Amino acid sequence: KIVFVSGSGHATPSIDADIVRRFGLRPSCRRVTLSQLGCAGGAAALATAADLVREPGDAVLVVSAEVPSLQLPLAEPSL
């Protein structure tokens, strides 16, 4: 189980999809992506992770990344 949170932007596909692939996790791994929650994103991610833990020994990875460069316009806006 992975909870990915970003308060400053979003990516498609979500960064958690890349985490699953790079670390060899099962494709059926449950993933929850939270975005655009600002500073409250961290609290929302921890609350969601707590909800996902059902039994002793369950594990949830919480990943928080701020990716403001995704919002950077690379060209001058045109009229």
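Strands β1 and β2 run parallel and are joined by five bridges. Strands here are DSSP runs of E with at least two residues, helices are runs of H or I with at least four, and both are numbered from the N terminus. Two strands pair if DSSP finds at least two bridges between them. The model is predicted: local features need pLDDT of at least 70, side-chain atom pairs count only at pLDDT 80 or more, and totals for chains, interfaces and linings use all residues. Residues are numbered from 1 along each chain as its sequence is written, and side-chain values use heavy atoms, with hydrogens and water left out.

Three strands make up an open sheet, in the order β2-β1-β3, with parallel pairing. β2 and β3 are the edge strands, and each pairs on one side only. From one strand to the next, the twist averages 15°.

Buried means under 20% relative accessible area, exposed over 50%, and partly exposed in between (1.4 Å probe, protein chains only). In a regular strand the side chains alternate between the two faces of the sheet. In β1, I2, F4 and S6 point one way, while V3 and V5 point the other way.

Helix α1 (residues 15-22) touches β1, β2 and β3, and its direction makes about 140° with that of β1. Helix α2 lies across β1, β2 and β3, at about 170° to β1. Contact means heavy atoms within 4.5 Å. Axes are lines fitted to C-alpha atoms, for helices over the stretch in contact, and angles run from 0 to 180 degrees between N-to-C directions.

The largest nonpolar core has seven residues: V3, V5, V32, L34, A45, A49 and L52. Such a core is a set of buried Ala, Val, Leu, Ile, Met, Phe, Trp, Tyr and Cys residues joined through side-chain atoms within 4.5 Å. β1 (2-6), β2 (31-35) and α2 (41-52) each supply at least two of its residues. The largest share, three residues, comes from α2. A second, separate core has six residues, including I2, I19, V20 and C29.

R54 lies in the loop between α2 and β3 (61-64). R54 counts as exposed because its relative accessibility is 63%.
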